Amino acid sequence: MGRRVHVIGAGLAGLAAAVQLQRRGAQVVLHEAAAQAGGRCRSWYDHTLGTTIDSGNHVLFSGNHAALAYLRAIGAADQLEGPAQPEFAFADLKTRAHWSVRPTPGRLPWWIFDPAARVPNSNPGDYLSLVPLLFARPGRTVAQTVQCDGVVWERLLRPLLRTVLNVEPREASAEMTAGFVRETLLAGGAACRTLTARHGLSSAFVDPALRLLQHGGAAIRLDSRLDDIVFSERGRVSGLRFADEHIELEPGAGVVLTTPPHIAQKLVPGMQAPNRFTTRLTVHFAVEPPFGVPPLTGLLNGTAEWLMAFDGHLSVTVNDAGRLIEQSHEALAEQIWAEVAQVVNLPLAPMPAWLVVPEVQAGFAPLPDQEMRRPGTRTRWNNLMLAGDWTATGLPATLEGAIRSGQKAADTLLNEPMERR
Ligand SMILES: Cc1cc2nc3c(=O)[nH]c(=O)nc-3n(C[C@H](O)[C@H](O)[C@H](O)COP(=O)(O)OP(=O)(O)OC[C@H]3O[C@@H](n4cnc5c(N)ncnc54)[C@H](O)[C@@H]3O)c2cc1C
């Protein structure tokens, strides 16, 4: 029988940790406070819209190796779809211009020499502006590292980075931004294909993982909130307290804690964690996308920032949306529908059935001072590891970061010599 490991939280960090632990022979017990798994990355059937919607529009890049490996491990690699060739479609709501940027697949960026593939009105030299990011220094912002203006910045980099970082990119940590850019834009077009979950986030990232875990004998406990961790004087966790249960940890047993940072901080004494968060808004419209609408379109000069087309509905993302949180949902839906209708050529009235989903803590703010607050995987206690998109992954709050942190926590725990756990 393998060592027992309790994974706390069944978001993507927790699921990735659980899958990795089970693959390596551990006996997994997965505890999730909510009634369902997936955390910030899940789907549900919405009766108003009459369709299944996601908790937020999620995009992966083909350079997100850990996320793709996780999907292969749970047998769900076929759940993602995206263009065969890398392509970013954009529309400017003010000028009504549409354009696409088409990076060539290889590492050498031949596309910047092709006016039909690069940003309209840009020159090859404009793309060199990204290079200083490769030498990003801790504590610096993007604006202190690269030039944040010009046509390539405004029409490609800023909209792309806003959706990855969920803050104004100029103010973001150059190091975290570099973490993303190094593995995507600077890794060549083959790493830049955008991928979305064809039947929703839960069908791709959550349900297959739960099935695999259950099949392998893991115990999955939903509605199971960890209230307290019991620490022994011998530098290890000795127990876990839930509302209706106290679990004593046997020698060799371990814990991977993947709750959001404000909860982890209450559970783990003396731990630093990010303490600034950013908001994202998702607005869904129950309308069939007209033929030819790309799966993903970046929108400039409006409130809506990214438009995603699914079977049966259109969904819009507004990043760094704290400024809109007090606005009435109806007014927001109307404002955003006007933009969407213009871009996809649909009538303004009647507005289709809609739903605004605000996520006030969509992720920690990837600012330089927050980078310093991210803890590593290990803690002072040999059998307690941390994971989550907010831990020190080098990446902003993304699925790739969450999955990588979960896998690392699982490996670190199992590589720890038995007598130290
Ligand atoms: C609207 C939106 C859009 C996004 N878009 C993208 C995107 O396009 N691309 C991308 O890569 N990323 C995107 N992200 C980020 C991505 O969703 C997150 O980085 C990722 O889901 C975080 O996973 P996690 O496991 O670290 O945290 P979470 O998903 O927050 O999981 C933590 C889990 O712990 C549980 N929990 C909390 N307290 C307890 C307790 N005491 N006991 C037991 N369980 C507990 C919670 O219920 C939750 O299920 C987006 C996020 C949002 C909100």
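The model is predicted. The chain has 9 helices and 20 strands. Its radius of gyration is 22 Å, close to the 22 Å that the globule rule gives for 421 residues, so the chain is as compact as a globular protein of that length. A ligand lies between domain 1 and domain 2, because both give residues to the shell around it.

**Overall build**

- The C-alpha trace spans about 65 × 50 × 40 Å along its principal axes.
- Of the 421 residues, 49% count as buried.
- Take the contacts between residues at least 6 apart in sequence: 71% of them join residues at least 24 apart.

**Domains**

- The domain assignment gives three entries: domain 1 (4-42 + 201-275 + 367-420), domain 2 (45-82 + 195-200 + 276-364) and domain 3 (88-192).
- Domain 1 and domain 3 have C-alpha centres 34 Å apart.
- Contacts link these two domains: 7 residues of domain 1 are in contact with 14 residues of domain 3.
- On the domain 1 side that touches domain 3, the residues divide into 4 nonpolar, 2 polar and 1 charged.

**Ligand shell**

- There are 35 residues around the ligand, and Gly9, Gly11, Gly39, Gly56 and Thr398 come nearest.
- The shell divides into 15 nonpolar, 13 polar and 7 charged residues.
- Four elements each supply at least two residues of the shell: helix H1 (12-23), strand E15 (277-285), strand E19 (354-364) and helix H9 (399-415).

**Strand pairing**

- E6 is joined to strand E9 (residues 194-197) by 2 bridges, and the two run antiparallel.
- In that pairing, Leu80 stands opposite Ala197 in E9.
- Elsewhere, strand E7 (residues 88-92) pairs with strand E8 (residues 98-101) in the antiparallel sense, over 4 bridges.
- Ala89 stands opposite Ser100 in E8.
- E7 and E8 form a hairpin, with 5 residues between them.

- Most residues other than glycine have a negative phi, and most peptide bonds are trans.
- Which residue in the turn of the E7 and E8 hairpin has a positive phi? It is Arg96, with a phi of about 65°.
- Arg96 is found in the loop between E7 and E8.
- Is Arg96 buried or exposed? Arg96 counts as exposed, because it has 9 C-beta neighbours inside 10 Å, and the cut-off for exposed is 12 or fewer.
- Asp320 also is not a glycine, yet its phi is positive, at about 45°.
- Asp320 sits in the loop between strand E18 (313-318) and H7.
- Asp320 is buried, because 21 other C-beta atoms lie within 10 Å, and the cut-off for buried is 20 or more.
- A cis peptide bond joins Ala349 and Pro350, with omega about 0°.
- Pro350 is found in the loop between helix H7 (329-344) and E19.

Terms used: Residues numbered from 1 in each chain as written. Predicted model: local features only at pLDDT ≥ 70, side-chain atom pairs only at ≥ 80, totals over all residues. Near = placed C-beta within 6 Å. Nonpolar A, V, L, I, M, F, W, Y, C, P; charged D, E, K, R; others polar. Domains from an automatic or database assignment. Pairing = 2+ DSSP bridges. Rg over C-alpha atoms; globule rule 2.2 N^0.38 Å.
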